[in-house]
Number of protein chains: 2
Amino acid sequence: MLIVKKFGGTSVANAERILNVANRLVESYKEGNKIVVVLSAQGDTTDDLIKKANEINSNASKREMDMLLSTGEQQSVALMAMAIQKLGYPAVSLNAFQCDIYSNSTYGNARIKSISTERISEELDKNNIVIITGFQGINRGGNVTTLGRGGSDTSAVALAAILNADLCEIYTDVDGVYTSDPRIVKKARKLSEISYDEMLELASLGAKVLHNRSVELAKKYNVNLVVRSSLTREEGTIVKEESTVEKMLVNGVAVDKDISRIALVGLKDQPGIAFNVFSLLAKNKISVDIILQSIGREDKKDISFTVSTADLNPALEVIEKNKNRFNYEKLLHDDKVAKVSIVGAGMATNSGVASTMFEALYDENINIKMISTSEIKISVLVTEKDAERAANAIHEKFRLDEIK
Amino acid sequence: MLIVKKFGGTSVANAERILNVANRLVESYKEGNKIVVVLSAQGDTTDDLIKKANEINSNASKREMDMLLSTGEQQSVALMAMAIQKLGYPAVSLNAFQCDIYSNSTYGNARIKSISTERISEELDKNNIVIITGFQGINRGGNVTTLGRGGSDTSAVALAAILNADLCEIYTDVDGVYTSDPRIVKKARKLSEISYDEMLELASLGAKVLHNRSVELAKKYNVNLVVRSSLTREEGTIVKEESTVEKMLVNGVAVDKDISRIALVGLKDQPGIAFNVFSLLAKNKISVDIILQSIGREDKKDISFTVSTADLNPALEVIEKNKNRFNYEKLLHDDKVAKVSIVGAGMATNSGVASTMFEALYDENINIKMISTSEIKISVLVTEKDAERAANAIHEKFRLDEIK
């Protein structure tokens with residue numbers, strides 16, 4: 001089998017952990033597998049480098065930031081190759097230049113465009129364990145780019161896709177995908193399988209086991225993905241096209257506290273207002289999540305929507321700059337909100353799911369501020385302090401702790 | 001003017017020093033110069049990385065070591081670009097991949113083969129200060145190499161040569177080339193000029209201001225080299241084809257304590273013995289310096305020679321392994337020796353120089369163990385404890401503290 005294995009920063013944080021991972025890799029290699037490893041930077045390396053940069057220029061160009069940060073992964077891969085060699089097995093490390101991992105030019109958040117398999121295949125043919133820098137690419141001009149949050153997951157999935165790997169294993173500090181965050185919901189249960197779509201919704205809804213972009217890519221190229229622990233030998237969770245084992249109505253409950261609500265109150269009720277607001281935000285690279293539009297008094301209406309908290313101030317700024325154009329009466333915002341969501345392929349065909357969810361919240365006397373639904377998820381916005389109680393109540397209501 | 005400026009690790013050891021160097025660069029840029037900067041890794045970065053590697057594998061492959069170590073320079077150049085940007089001036093950092101600094105494949109001690117000027121010229125044309133990683137290259141297979149000790153000096157001179165720069169400034173922690181090591185000879189005097197050949201001899205003899213390979217390269221391509229301090233505004237020392245200002249008999253006294261003497265005693269006096277010994281050492285990449293061959297009793301002879309102390313044990317090992325072949329009676333070694341040398345273009349035509357040097361040592365009652373001479377240098381081997389006294393006596397005798 002050709003297996004791509006990705007290990008995050010905590011798994012390679014020091015010499016001992018690197019040797020531990022090296023042992024696992026050699027074990028798999030000895031079983032006759034061809035192995036491509038994708039690594040993140042060690043532990044706090046990236047944060048330390050950012051701190052170094054900030055001491056010099058807190059507003060450094062993103063190009064130079066990427067040039068700086070990409071060194072972290074290069075150190076990891078070289079050290080891992082040394083660890084495998086120490087165990088007596090052949091290994092070679094490669095960076096983005098060496099396997100032509102081309103991306104677009106969005107420094108700090110680049111997207112992979114193409115990867116050349118030539119060098120990687122050549123090294124695999126030499127029976128090397130091939131260790132590749134995650135998180136980084138180069139653009140057409142030959143400048144170093146980084147792929148943003150969860151970038152190494154994306155690197156691993158992209159490599160698995162292009163190499164036509166039999167499996168892509170994402171090793172992390174949890175041992176799989178759970179029905180909810182175990183720190184919030186005590187009865188949360190590990191899933192043995194989940195579909196790409198469900199995982200996508202869970203990732204975007206704050207489960208954060210895998211980054212969305214990596215799952216999208218896995219779905220697009222039908223990559224067999226497994227999420228498992230780098231510390232234990234647990235089986236992990238398989239992410240694939242269709243979850244065949246557990247055809248559950250609802251597969252998980254996710255909580256996202258990292259969002260804020262913005263409301264434009266008293267807008268003139270004229271065509272195109274909503275379009276103008278959201279296209280302006282899009283142009284400023286601000287992603288909007290739940291949207292609610294309500295007709296208020298007379299010919300006025302309100303638009304409210306959620307953004308990630310990091311985008312709150314930029315969003316407010318850009319809206320205020322265009323105050324005259326939108327002609328609203330008040331601009332409100334609230335960062336003390338949380339989104340609680342349920343995800344499951346089953347709910348598309350079962351209209352009772354939403355009402356069961358709302359009932360769970362009603363029983364707990366939790367007020368719903370906004371609602372958003374899709375084929376496989378339902379999200380509600382609640383006050384931040386109610387979020388954990390809401391997640392537990394919903395988890396309980398759908399009996400997610402029981403295998404059905 | 002197009003100027004290549006090289007700064008070593010201590011000059012970029014922290015944020016403050018990086019900003020200090022950035023200020024100097026901007027100053028020169030504002031005078032209308034086009035500037036290419038070559039940097040080493042920050043302060044102890046390289047040592048720290050070596051330590052990290054050793055924790056994992058004390059016998060790591062040199063390829064992976066180079067992959068690891070090269071990240072140090074990449075961090076320096078990115079941080080320097082940020083510092084210049086902070087001051088409001090345009091800068092871009094480039095690594096070996098980005099300017100195609102091709103080398104041979106001798107990992108850890110590679111030689112530069114070619115550099116592409118395309119990207120550098122392009123960035124200079126955009127009025128950028130261009131900051132390039134020293135010490136590193138890539139081989140034809142696209143693997144990262146490092147250039148060994150003094151590698152960043154070599155990078156700088158090679159870039160100055162290929163870019164046809166008007167000047168190559170090597171910034172260091174001393175303010176120029178001295179008639180002797182000021183820590184040893186109190187009256188040592190800074191030279192305003194020195195020739196490539198003299199510099200070459202001084203470098204190989206332990207003056208260590210510039211690495212030999214960088215001076216060889218400068219000589220080959222007639223690069224105007226200046227050695228100056230990164231801390232002061234002193235003028236520095238110009239290294240060029242012919243020293244026109246100071247046509248001195250003797251230009252400097254160098255002391256090298258980092259050598260050891262090996263003697264093969266009682267060799268059979270047959271043709272080819274010396275050749276066999278030294279070709280064996282060469283094959284094992286051990287450089288031999290002063291060689292003395294003496295005929296002893298009957299048909300026996302002795303061969304003694306010096307090697308750098310780091311090579312002492314490898315040299316002894318390889319000789320012992322071939323004991324039967326060489327058939328010597330005793331293998332002796334002494335690491336408590338030092339080499340004291342005088343260098344000067346003038347001595348080639350003046351036969352009195354050697355005797356003046358020997359007289360200085362005789363006056364001080366210092367015993368000479370070995371002698372080696374060339375066109376522009378005379379070296380003597382003395383007991384290590386006599387080395388400083390010898391250097392001072394010679395410096396005094398030739399009145400090197402006086403400008404003639």
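Of the 404 residues of chain A, 50% count as buried, a residue being buried if 20 or more other C-beta atoms, placed from the backbone, lie within 10 Å of its own, exposed if 12 or fewer do, and partly exposed in between. The model is a predicted one, in which local features need pLDDT of at least 70 and side-chain atom pairs count only at pLDDT 80 or more, whereas totals for chains, interfaces and linings use all residues. Residues are numbered from 1 along each chain as its sequence is written, and chains are lettered from A, and ligands numbered from 1, in the order in which they are written.

The radius of gyration of chain A is 23 Å, which agrees with the value near 22 Å that a compact globule of 404 residues would have; the radius is taken over C-alpha atoms, and the globule rule is 2.2 Å times the number of residues to the power 0.38. Along the principal axes, the C-alpha atoms of chain A fill a box of roughly 75 × 55 × 35 Å. Chain A contains twelve helices and 18 strands, defined as DSSP runs numbered from the N terminus (helices: H or I, at least four residues; strands: E, at least two). Among contacts in chain A between residues at least 6 apart in sequence, 75% join residues at least 24 apart, a contact requiring that the C-beta atoms of two residues, placed from the backbone, lie within 7 Å.

In chain B, eight strands form an open sheet of mixed pairing, in the order S3-S6-S2-S1-S9-S11-S12-S10; two strands pair if DSSP finds at least two bridges between them. Strands S3 (91-94) and S10 (193-195) of chain B stand at the edges with a single partner strand each, so one side of each is left without a neighbour in the sheet. The twist averages 20° from one strand to the next. S10(B) pairs in the parallel sense with strand S12 (residues 237-240) of chain B over three bridges, and B:Ser195 stands opposite B:Lys240 in S12(B). Helix H4 (residues 118-125) of chain B packs on the sheet, where it touches strand S2 (34-39), S3 and strand S6 (129-133) of chain B, and its direction makes about 150° with that of S6(B). For such angles, axes are lines fitted to C-alpha atoms, for helices over the stretch in contact, and values run from 0 to 180 degrees between N-to-C directions.

In chain A, strand S9 (residues 167-172) is mostly covered, with five of its six residues buried. Five bridges join S9(A) in parallel to strand S1 (residues 2-7) of chain A, and five bridges link S9(A), also in the parallel sense, to strand S11 (residues 225-229) of chain A. A:Ile170 of S9(A) stands opposite A:Lys6 and opposite A:Val227 in S11(A).

Between the chains, 27 residues of chain B are in contact with 27 residues of chain A. Helices H1 (15-30), H2 (45-56) and H3 (62-86) of chain B each supply at least two residues of the side that touches chain A, and the largest share, 13 residues, comes from H3(B). By class, this side of chain B has 14 nonpolar, nine polar and four charged residues (nonpolar: Ala, Val, Leu, Ile, Met, Phe, Trp, Tyr, Cys and Pro; charged: Asp, Glu, Lys and Arg; polar: the others, Gly among them).

A rotation of 180° with 0.1 Å of shift along its axis superposes chain B on chain A with an RMSD of 0.2 Å; the two copies are thus related as by a two-fold rotation axis. The superposition is by least squares on the C-alpha atoms of residues with pLDDT of at least 70 in both copies. Of the residues of chain B, B:Thr71 comes closest to the rotation axis, its C-alpha lying at 2.6 Å. Of the interface residues of chain B, 100% are also interface residues in chain A, so the copies meet through the same surface.
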